[in-house]
Every structure is written in structure tokens, then in C-alpha cells.
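Let us walk through a protein structure step by step. Keep the sequence beside you as you read.

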Amino acid sequence: MSTTIAEELFASFVDFEQVEEDQYIDLKRNKRRKLEVSKSSSSLELRYIHKNLSLAKNEMDRLRDENSKKLLRDRKLSLVLDLDHTLLNSAGFSVITGEEEYLNCERDVLPEYLKSSLFRVDLTKTLTKLRPYVNTFLKEASKLYELHIYTMGDFLYALEMAKLLDPENIYFNSRIVSRDDSTRMFEKSLDVVLGKENAIVILDDSELVWCKEHKENLIVIERYHFFANSCKQFGVDHKSHSQLKSDENESKGALANSLKILQQIHTLFFDLGQKDSLEDRDLRKVLKSVQKEVVKGCKVVFSDEISD
């Protein structure tokens, strides 16, 4: 299997296990300024790869093209994954309710379903619950897609969550984009992703955070509300999983169903019956072809038509 351009660039970046606490604190103290990149900008900063890396647009286009070609030769596409309410749910220590105090118990006395999926993250002062099926989801999706994280959380939070999801650093290889790296204020964009838009799928619980031109790449997944504060934040009028001492169904939940859609998309994109070259195919057309196919807990969203 060939090494992608992205993998070569990321290889010398952050090793999660070697990032010291004082480096994290320094990153948080000196948050990098956001840039509003206009169409006339001559360069693009890829600060999540290296804080001083800036590429001219034509060079960025060349890298996107080369990376995409190598992925296609390996029969892979790119998958951009949101964190909160998509792959996991976090709540600050200060907002844990009385009903949720049992979550602060020692791991060995937690309910069995929480022992390997609930984490206390002191650097971010949060309790984080991994979504059921997430480990299987990442393992299976990584066989078909090059995986990226894209979160509206800060860089400190993004790295800590990546360590929980990918402790051996085999899925993301530092392809971790936070709000500190985004080219747009309060909005996500594929501008900083080393992939071509016609071969990228996005999985996120929110359509609103994505810029208009990339909504055609988007699959919207049902929000994961484990903590009471998450329900409160989004005005959900029922108790959270933590309050009910329950969780999503492992095999029939939103991530399991999302994986089925992603596998279907991959199959359709690489359909051997098509006569055009892989490089000429557009994944957004594949998404449109499954637009009306409803799978529980998941929907495909397009800029000109949004399913209910």
C-alpha cells in the first residue's frame, strides 16, 4: 500500500504520547489567531500539521491532487469526522448533576458498560463518554477511508479526544483539525483538508457549522446525548443516558447505521461497471444517489435539499 502525501507530512508532527502537559498549556495560552481566508488569498496555513507551514494555493492544489490519486489507487476515499455528539460526548466537571455523581466513582465500581468507555480528562476538565460502537466504526471505516478529525473545539481538546479514540495513533495520524486551524470564523470548511472535494465524505451531527459549498459532502448523524448537560444545551426534553443509566444500542445505533451508509457509498463510488476513470468520479453524485434512502439515526444532507 502506498504512503499518501498527507501521511508523509503528518509523520513528523505530533506524537500524542510525547506531548507534555506544559506544551498543552502553552498551546492553550497562546491560541493561534483565526484567519478569514478570501478567494483572493495567495496562501493557506496548515497550522495543524506544523505551526509555521503555509502553502501557496497552487501547491495546496497539487498536494490535494497527489494525495487523492494515491488514495484512489488504494481504493480509499477521505472521511472527515466530527467529535462532539458524533463520536463521543463530553461534559465539564462543573456541570455534572447530582443524578450523575455515580460517574465520578472509581472505574472498578462503575457499571460494566462504562468501564471501557467513560474517561476523566483532567487537562480539559471534562468527563468524556465514547459513543457505543465507535471502536468498531473506526476500525472498519479506516479500511475504506483515510480518517480525519474536524472539531469546533480547541486544539488541546481535539488532541485529548484523539488520544481516547485512537490511543495507538493508527487511524488519524495527526490529521486533527480544530477551530484554531479553521480558515473561517465559526464555520467548518474543507479548505484545510488534504483531499479533493469530489472524494471526501463528512460525518457530523450539525449541518449548520459547515460552509454552504461543502454541505453536499455531508452526512448528518443523530446527536449523541449521554450527559444531562448535553440535553439541556440542545433543549432536549427527555432525560439523558447518564440519568437513565442506559446507552445507545451497540449494533443498531447511529454509528452502526452510519457505517453501513459509508460502506455503500464506497461500493458505489468504486463500481467496476462504470466506464469513467476514478479521478473523474464525484462522490457528491453518489451521495445524491442515496439521498432518499433513509437509515435510522442518519440522513444525507445537500445544499439545495434537506431531508426532514
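Start with Ser78, which counts as buried at 2% relative accessibility. Buried means under 20% relative accessible area, exposed means over 50%, and partly exposed lies in between, with a 1.4 Å probe and protein chains only. Ser78 sits in strand E3, residues 77-81. Helices (H or I, at least four residues) and strands (E, at least two) are DSSP runs, numbered from the N terminus.

A word on the model itself. It is predicted, so local features need pLDDT of at least 70 and side-chain atom pairs count only at pLDDT 80 or more, while totals for chains, interfaces and linings use all residues. Residues are numbered from 1 along each chain as its sequence is written, and side-chain values use heavy atoms, with hydrogens and water left out.

What does Ser78 touch, not counting residues up to four places away in sequence? The list is Leu71, Tyr145, Glu146, His148, Ala199, Ile200 and Val201. Touching here is contact, meaning heavy atoms within 4.5 Å.

Now step back to the whole chain. The protein chain has nine helices and eleven strands. Of its 308 residues, 53% count as buried. Take the contacts between residues at least 6 apart in sequence: 70% of them join residues at least 24 apart.

Leu71 is among the buried residues of H3, along with Met60, Leu63, Arg64, Asn67, Ser68, Lys70 and Leu72. H3 covers residues 57-73, which is 17 residues. From first C-alpha to last, H3 reaches 24 Å, close to the 24 Å expected at 1.5 Å a residue. That expected span is 1.5 Å times one less than the number of residues. After H3 comes Arg75, whose phi is positive, near 55°.

Next, find strand E5, residues 118-121, where Leu118 has its place. Leu118 counts as buried, at 3% relative accessibility. Leu118 and Asn104 are 14 residues apart in sequence, and their C-alpha atoms are 9.9 Å apart in space. Leaving out residues up to four places away in sequence, Leu118 touches Leu103, Arg107, Leu110, Thr128, Lys129 and Phe227.

Move on to the loop between strand E6 (126-130) and H4, where Tyr133 lies. Tyr133 has a phi near 85°, a positive value in a residue other than glycine.

How do the axes of helix H4 (residues 134-141) and helix H8 (residues 254-269) cross? They come within 9 Å and cross at roughly 10°. H4 and H8 are therefore roughly parallel to each other. The contact uses Val134, Phe137, Glu140 and Ala141 of H4, and Leu255, Ser258, Leu259 and Leu262 of H8. These residues divide into six nonpolar, one polar and one charged. The axes are lines fitted to C-alpha atoms, for helices over the stretch in contact, and angles run from 0 to 180 degrees between N-to-C directions. Under 35 degrees counts as roughly parallel, over 145 as roughly antiparallel, 65 to 115 as roughly perpendicular, and the rest as oblique. As for residue classes, Ala, Val, Leu, Ile, Met, Phe, Trp, Tyr, Cys and Pro count as nonpolar, Asp, Glu, Lys and Arg as charged, and the others, Gly among them, as polar.

Stay with H8, where Ile265 is found. Ile265 is buried, with a relative accessible area of 0%. Beyond its neighbours within four places in sequence, Ile265 is in contact with Tyr145, Val201, Ile219, Leu283, Val286 and Leu287. Ile265 and Val290 are 25 residues apart in sequence, yet 8.2 Å apart from C-alpha to C-alpha.

Helix H5 covers residues 155-165. Ten of its eleven residues are buried, so H5 is largely enclosed by the rest of the structure. At the start of H5, a side-chain oxygen of Asp154 reaches to within 3.4 Å of the backbone nitrogen of Leu156.

Finish with two residues. Is Phe186 buried or exposed? Phe186 is exposed, with a relative accessible area of 65%. Phe186 lies in the loop between strand E8 (176-177) and strand E9 (200-204). Asp204 lies in strand E9, and Asp204 is buried, with a relative accessible area of 1%. The side chain of Asp204 reaches the backbone nitrogen of Ser206 at 3.0 Å.

Technical notes: A polar contact is a pair of N or O atoms within 3.5 Å; within protein, one must be able to donate a hydrogen and the other to accept it, and residues adjacent in sequence count only if both atoms are side-chain atoms.
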